[in-house]
Amino acid sequence: MTIKAYLYDKCGTCRKAKQWLNQHNVAIEEIPIVDAPPTEDELRSMWQASGLPLTKFFNTSGQFYRELGLKDKLPSMTEDEMLKLLASNGKLLKRPLVSGGKTVTVGFKEEEYEKAWGGR
């Protein structure tokens, strides 16, 4: 299975993650998260595989998150509404978002990458 890495080239954390993956010989399909965000169905699959709360997929430090007032709105939104919103704007997604089918990481923490992608 191809490992998809949704990255933003202006994001320092994305660059660190990509460097880590390259250094550990993890072959990835690099996808620009802003220009080609995952679809609702792809996000649903990633979310379910990750075991994380759906709210962890939101870029809470992003400009659009603040502009839309999502801190106050998310608690009353349905999962379908959240997925639709995330799929509509790649800047709302926490990045990097890396998916290899049953394994998904959101953000970059070296110890999580080692556990998820180190044995490949």
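Colleague: Let's start with D80. Is it buried, partly exposed or exposed?

Modeller: D80 is partly exposed, because its relative accessible area is 46%. Keep in mind that this is a predicted model.

Colleague: Okay, and which side chain does D80 meet in a salt bridge?

Modeller: That would be R44, and the N to O distance is 2.8 Å. D80 sits in helix α5 (residues 79-88) and R44 in helix α2, so this pair ties together parts that are 36 residues apart in sequence.

Colleague: And R44 itself, buried or exposed or something in between?

Modeller: R44 counts as partly exposed, since its relative accessibility is 25%.

Colleague: Remind me why such side chains would pair at all?

Modeller: Side chains of opposite charge can pair when their charged atoms come close.

Colleague: How many salt bridges turn up if you search the whole structure?

Modeller: Three. Another one is between the side chains of K4 and E42, at 3.8 Å from N to O. This pair links distant parts of the chain: K4 is in strand β1 (residues 3-7) and E42 is in helix α2 (residues 40-50), 38 residues apart.

Colleague: How accessible are K4 and E42?

Modeller: K4 has a relative accessibility of 28%, so K4 counts as partly exposed. E42 has 29%, and therefore counts as partly exposed too.

Colleague: Which side chain does K18 meet in a salt bridge?

Modeller: K18 meets E30, with 2.8 Å from N to O. K18 lies in helix α1 (residues 12-23) and E30 in strand β2 (residues 28-32), so the pair ties together parts that are 12 residues apart in sequence.

Colleague: What about accessibility for those two?

Modeller: K18 has a relative accessible area of 30%, so K18 is partly exposed. For E30 the relative accessibility is 43%, so E30 counts as partly exposed as well.

Colleague: Staying with charge: which residues gather in a patch of negative charge on the surface?

Modeller: E110, E111, E112 and E114 do. Let's take E114 from that group: E114 lies in helix α6, which covers residues 110-117. Its relative accessible area is 41%, so E114 is partly exposed.

Colleague: New topic, aromatics. How many aromatic pairs does the structure hold?

Modeller: It holds three aromatic pairs. One of them is F108 with Y113, and that pair is edge-to-face.

Colleague: What numbers go with a pair of aromatic rings in general?

Modeller: You describe a pair by the distance of the centres and the angle of the planes. For F108 and Y113, that's 4.7 Å centre to centre and 85° between the planes. An angle over 60 degrees counts as edge-to-face, so that's where the label comes from.

Colleague: Is Y113 buried or exposed?

Modeller: Buried, because the relative accessibility of Y113 is 0%.

Colleague: Which residues form one aromatic cluster?

Modeller: W20, F108 and Y113 form one cluster.

Colleague: And G107, where is that one found?

Modeller: G107 is in the loop between β4 (104-106) and α6. Its relative accessible area is 5%, so G107 is buried. Along the chain G107 is 12 residues from R95, and the C-alpha atoms of the two are separated by 5.0 Å.

Colleague: What kind of peptide bond joins R95 and P96?

Modeller: A cis peptide bond, with omega at about -5°. P96 has its place in the loop between α5 and β3 (97-99).

Colleague: What about V98, where does it lie?

Modeller: V98 lies in strand β3. At 0% relative accessibility, V98 counts as buried. V98 and W117 are 19 residues apart in sequence, and 9.6 Å apart in space from C-alpha to C-alpha.

Colleague: Last one: what's the phi of N25?

Modeller: N25 has a positive phi of about 55°, although N25 is not a glycine. You'll find N25 in the loop between α1 and β2.

Colleague: Buried or exposed?

Modeller: N25 counts as exposed, because its relative accessibility is 69%.

Definitions and conventions. Residues are numbered from 1 along each chain as its sequence is written. This is a predicted model: local features need pLDDT of at least 70, side-chain atom pairs count only at pLDDT 80 or more; totals for chains, interfaces and linings use all residues. Side-chain values use heavy atoms; hydrogens and water are left out. Patches are made of residues with over 30% relative accessible area and no salt bridge: like charges are joined within 9 Å, nonpolar side chains (Val, Leu, Ile, Met, Phe, Trp, Tyr) within 5 Å. Accessible areas come from the Shrake-Rupley method with a 1.4 Å probe; for residues, only the protein chains shown count as cover. A salt bridge is a side-chain nitrogen of Lys or Arg within 4 Å of a carboxyl oxygen of Asp or Glu. Lys and Arg count as positive and Asp and Glu as negative; His and the chain ends are not counted. The place of a charge is taken as NZ of Lys, CZ of Arg, CG of Asp or CD of Glu. Helices (H or I, at least four residues) and strands (E, at least two) are DSSP runs, numbered from the N terminus. Buried means under 20% relative accessible area, exposed over 50%, partly exposed in between (1.4 Å probe, protein chains only). Rings of Phe, Tyr and Trp (its six-membered ring) pair if their centres lie within 6.5 Å; planes under 30 degrees apart count as stacked, over 60 as edge-to-face and the rest as tilted.
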